[in-house]
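Please read the following report beside the sequence and the model.

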Amino acid sequence: MPNATDANQVKPKQTKPKALTWEECIDKIQYSDRYSDDVYEYRHVMLPKPLLRMIPKSFFEDPQRPELLRLLREDEWRGIGITQSLGWEHYEVHAPEPHVLLFRRAKNFAPPPNVNGMGKTKRK
């Protein structure tokens, strides 16, 4: 049987979890191990779902349906916080899981010689 003090107790307010910032989302991007076939090596990158909601609408196939990303150019996927070595291309969208981006690069990919920030090869 409840006593009089139970009725007078104030229940704590339910608060929404704090929304993640862009930087916090970028820190939560997950990268798979690499796997390969005879031609390409592959990896997939999993974006935190809150980050997917922060991506510009122009990155989606249909801006009215933000559940399906279009294929992104390197400057676009790097611009949303994905960091990978050179040579990777975003080659496929997996519609059931739009936060998973599929990447590939040629199995024999060799990065270009060291280049400084001005686009010219460094001299020795």
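Strand E1 (residues 30-31) pairs with strand E3 (residues 40-46) in the antiparallel sense over 2 bridges, where strands are DSSP runs of E with at least two residues, helices are runs of H or I with at least four, and both are numbered from the N terminus; two strands pair if DSSP finds at least two bridges between them. This is a predicted model, in which local features need pLDDT of at least 70 and side-chain atom pairs count only at pLDDT 80 or more, whereas totals for chains, interfaces and linings use all residues. Residues are numbered from 1 along each chain as its sequence is written, and side-chain values use heavy atoms, with hydrogens and water left out.

Strand E7 (residues 100-106) runs antiparallel to E3 and is joined to E3 by 7 bridges. Strand E2 (residues 35-36) also pairs with E3 in the antiparallel sense, over 2 bridges, with Ser36 opposite Glu41, and a hairpin of 3 residues connects E2 to E3.

Ser32, in the loop between E1 and E2, is buried because its relative accessible area is 10% (buried means under 20%, exposed over 50%, and partly exposed in between, with a 1.4 Å probe and protein chains only). A polar atom of the Ser32 side chain lies 2.8 Å from the backbone nitrogen of His44.

What does a search of the whole structure find among the aromatic rings? It finds 4 aromatic pairs, counting rings of Phe, Tyr and Trp (its six-membered ring) whose centres lie within 6.5 Å, with planes under 30 degrees apart taken as stacked, over 60 as edge-to-face and the rest as tilted. Two of the pairs are set out here.

| Pair | Centre to centre | Angle between planes | Class |
|---|---|---|---|
| Tyr42 and Tyr91 | 5.7 Å | 55 degrees | tilted |
| Trp77 and Phe103 | 5.0 Å | 75 degrees | edge-to-face |

Tyr42 lies in E3 and Tyr91 in strand E6 (residues 89-93), so their pair ties together parts that are 49 residues apart in sequence. Tyr42 is buried at 13% relative accessible area, whereas Tyr91, at 22%, counts as partly exposed. Trp77 belongs to helix H4 (residues 74-79) and Phe103 to E7, 26 residues apart; Trp77 is buried at 0% relative accessibility, and Phe103 is likewise buried at 0%. Ring pairs also link Tyr35, Tyr40, Tyr42 and Tyr91 into a cluster.

Definitions and conventions
Polar contact = N/O pair within 3.5 Å; in protein donor to acceptor, adjacent residues only side chain to side chain.
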